[in-house]
Every structure is written in C-alpha cells, then in structure tokens.
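User: I have a structure open and have not looked at it before. Can we go through a few spots?
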Amino acid sequence: MSLKNRRRSVPWLPFVVVFTGLLAFYQLPSSAQQKSNQQSPQEQSVGRDQAYVRQLLQRGTPDAKVESLLQLTSRFSTFNPSGDFHAYSLSLIAKEKTALKQLKQTQPSVGATSSARVSESAAVVVTGNVAAPSNVTGINNVKAAQESSRENTQDSAPTSVSDSNQPAVSNSSASNPSPSVFGVGAFAPAVAVPSNAGASAQATSVVATSNSAVAAPSAASSTIASSSSGTFNSDQGPGPGPIGPGPGCNLFPAPPSVGASVPLTYFGPSPSETNPSLVGPVQLLKSGTIDAVHGTITLPLYLGHMKGSKKNVWYILTDVDDPNVAAELGLNFSAKLTFASNAARTATLAADGTLVFDKGTVDFSPVRSIVPGPAGAEFPPLSAAPGAVGDADYSPFVQVVNAGGVIYNAPIVAFGVDAGQISFPNGNVDYSKVHDEVVAIDPANQTVTINLINGFSFGRPVWYISMDTSIPLGAAIEHNTFAPLMSQLHLGGDDSFSSPIERIFIGTNGAESEACNNPQRQGLSADLADGHRPNNILGGIPTIALDYSPAWDAQLFEWTKDSIEDGFRGQLREEFQLLTFVQDGLITDPGGKPFGSSGFSINCPIAQRLD
C-alpha cells in the first residue's frame, strides 16, 4: 500500500495546556489537514509553496521578489523539469492574492491567528514528468552557486534583527525539566514507536498523529512559525533542504567579491585546494557528488543480505575507522569508530564481495509525526513518532569480522524490498519503503540521493546528513531512523581514551522570531515552528580536528531567562564559544540543570565544509 493512502486511526483526548498564563486549546485536525496527510509528495510541495507565497504577500513583498525567493526553496524543477516556473509562480501569486482579498473582506479585523493560517484552497496541480534534481554541480562550482544564491536573496535579507520581541520560554522549559537521560521522564513528549510488525507500542496515553495541528489563539506568533508548524512537521520525507529562504536557514558564505572593487572572476582558487585546512569549500565525503544548488549528495547504493532470511539490505557507506580504506573509497576517516564495537552489528564479507549481516533490521513503514508545543515554546513537542524503526539489534555501525574487524558507518536506507519496489530515480519517493532523508533512489544505477543539513563546526558552516538516532523523539525530529543498538555507545567522555563519540550542541530555545528571515535563528523550537533545521553546532570534523566521529553525543542547551531578557541570546557557531557561555552562566542544560550529555546520540556523517 502506498504511503499516501495509509491512514492511521487514533483516539483523541481533549486536554488543556497552560502557557504564559493563557489557555491554548488543542483541537481535532481539520478536514484540510486530513486531506494534506493523504497528499503525494508533489502535492505537499505545492502546498508548502502556497504557504510561503502567502507569507511573503502578507509582508508586502513585490511579485517579482516573491518569485525569486520562491525559486530558492521550491521543488518545482524536481517534479517538473521542463515546466514553466514563471507561469507556476504567477499562478500561486494570483491564487493567494485572491484568497487574501477574500479573507480581508470576510474578516476586516484580522488577528494574529487568522493571518497565520495556511491557505486551504485547492493545491495547484502541476503536470509533467518527474525528474531528478537538476544542475548537479561539483565542488569547483560551489562559488558560482554561492554567488547566484546571494544575488537572489541579499535584497530581502535584513542587516540585523533584534531578538527582543521574542517570548521568554525558559519558564516553560523549566516546568518540564530534562531528565538525566533525555527522552525519558517528565521532559519527554508522547512518543509512539511502531514495532517491526507495524503495531504501535505507545510510551504514554497521548498518541502521536501525523495530521494533528496545534491551535494557540491566545499567542501572537510570527506568521511563518504558525503556518509552518502544522505543515512541514507533518510531512514524510526529508523536509526542506539547506538552501533556505533567508539568512537564518541558508549558510552559504558570501563570495569574496562582496564589498571588493574587483569582480569574482579575478579571485584565484580556494586556499583549501592547496591545504584542506584553509578556507574552503572542501568536500569531505568524497564518494559522492554534491549538488550545491539543491543541497543534496548522491552516494553509491550497496546491496547486502541478511543471514538466514536472505532479505535484501540496501545501505550506504559514509565513514570508516581505517584511514587507508577511507582514502580508497572516499569515505570519512574516524579513528573513534574503533571504539564503537559495543554498538555495532556484525557482518561477513561473502565470496562475491557483498556483505552478509548477522542481525539488525529496519521497518520503514511507520508514519512520521510531530505535534509541536505552543508558539514560542514548540520544543518539547506534545507528541512524536519516528518514520523508521530499527529492531533491538539495529545500529548503523557495522564491524566486518572477516575483513580486519574494520568498523564502517553503513546506515540502512531500505530493507526487505526488491529493486523494483524502491526505484525512484526521479524523486517522488515512497517513504513507507525508504529512509526519510532520501530524495531519490536508483537501484539500477546503484545510487541514492540524500538531503543535506546546515550546521557549524568551529565557526565554519558545514553540510552533513542525518541518518539515525538512539531515541525515538530524536529520530522523529531528525527525519531519520530510531536505532536502539546505538544506545550502547559510551557517552559523556568526548575525547577521552576509548570514546567513540564527538559532541553536538543543540539549542532548545534559540532565536526563532521571523523564522528564516532572522539571521540569529537557531534551535529545536525554531525547527518545530518553521520546519527548517536547527543550525546545530558540531565539534571536530576532518580538516579542522582529529577527533571526528559520525556518532554525535547530543548536548542540549537552553538560554537562561536572564540572558534572554538582557538581549544576549543569539546564534552560536562554535564549541568553545558555547562552553564559555555555559561557564559564564548564560546557558544551562534544559530546565536549568548542569550542562552535559543529554543521554542520546545521532549518526550524522559530515559531507562538506562550506568555507
């Protein structure tokens, strides 16, 4: 059964949440939201474009600028390679202008909630064959892509954004203190974890649903945050790519020609071409092709089998603990993976060169769902369910027992299916069979295209991929696979002997007002409000440090109430800046607890350093 036709019948319990002294009621999903849950990826893409066009028009953005901004985020070319984008954008603009005019006529005094509502008019149906992401570019063309992107966005990007108008959410967070192991206890939302048989094993009595919406009529939130939290976060698949509509969701560095008296054509090659540790860009995961225009990477797709059952295991390779193998295959070298054996499944190299896995399966049929918290405090979500669930023996890390005991990072992207069932070379992926971060998959040509995600490492913007998480809540937020065996990784030690991990720092209550337009945007509340990723801070990566590991020890952090009221909250970009703020008392663990490991890990292989 295709994903778009799968329905889940869940009971609903009315409940009331106190937020900022006001009551916000959580209602049953509307018929329009139920319809959205059944839409194809193409229809969902059009719906997102409609919502974005409406938001821009409400701000008074000129039609031409609306079209240029829409082109940066729309997946129109993916679904319609020969289509007329200009005609498509004009159609959306005309439709949303009509809808706004009708809304104004029927509601002359529109409040914050009304203005934030996503258009429920019929989606624009776009015809034409679906095609894979176009304009695939290599590393040498990144500067040109950067220049083009900046030219299209710099007119609309504010030079500075004050964060003083954001609600202080630390009190709300304090009422839900983080436990010693994140995802267990009072701080955790309701998390539904379907078994491999498809049955849902619910952690609490509140059940997660994929088409639920949060209505907070008493909270005056930004237009983008309100409209997107019920749209992006109910989608299956990877979510928006790293080329966002504003500076808060697009980390492409400006080219050196900005502010200079010479054109970009005069500048020589990047210093990283001589020394990879210097100013980039630098592609780190060299086994694939980076598409700098769409923010994706296309990697080799491997086929192995399960011992005994002979079921197909479709997987990728991203990292390895042997430097020579890493150099040969174009993978990331991670010395720390040598200490990940406790959390690794095992495999044997067969005579035909394929891997036979001893254990570890993944069920991709569950429907990913998240219900964000109230506006301004979307994290923690009210409920969440991951879109892919591994069994107790699943981890992305694999030790090949008859080939030197080398440990690979080999995340599964499809399981127990034949090539014909997952042949989506032009996109429009069936996410009931394939990993949510997959944009396109082509078993015949042995390739898979995966979404890239924005982040920072020691002040430098980076792109990485997110494949697995050791707890269900993290997997739901990350659009990736719940991998229970990853919980065996030793956390908290960072760079000590036998440590398999490196730290990743994830804000919970960072700046989120004005969504992607805010250059200070960061954190999980921002992610759950507008659907774009939280701009996490990674520790060491290749070319910057020696301690890289794709197994990231998550350390959630919260800005204190005083630091927010004093206007100190902003976007952090490197580890030691953040740790200094912790030392100075500006940042704590969620709920005001001492800062440290949050008790879960994420498998996020690094793909590219942008500078």
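User: Where does Ser563 lie?
Analyst: Ser563 lies in helix α13, residues 561-565. Helices are DSSP runs of H or I with at least four residues, strands are runs of E with at least two, and both are numbered from the N terminus. This is a predicted model, where local features need pLDDT of at least 70, side-chain atom pairs count only at pLDDT 80 or more, and totals for chains, interfaces and linings use all residues. Residues are numbered from 1 along each chain as its sequence is written, and side-chain values use heavy atoms, with hydrogens and water left out.

User: Is Ser563 buried or exposed?
Analyst: Ser563 is buried, because its relative accessible area is 1%. Buried means under 20% relative accessible area, exposed over 50%, and partly exposed in between (1.4 Å probe, protein chains only).

User: Different topic. How many salt bridges does the structure hold?
Analyst: The structure holds eleven salt bridges. A salt bridge is a side-chain nitrogen of Lys or Arg within 4 Å of a carboxyl oxygen of Asp or Glu.

User: Which residue forms a salt bridge with Glu437?
Analyst: Arg533 does, with the closest N and O atoms 2.7 Å apart. The pair links distant parts of the chain, 96 residues apart. Glu437 counts as buried at 0% relative accessibility, and Arg533 counts as buried at 7%.

User: And what about Glu575 and Arg503?
Analyst: Both Glu575 and Arg503 are buried.
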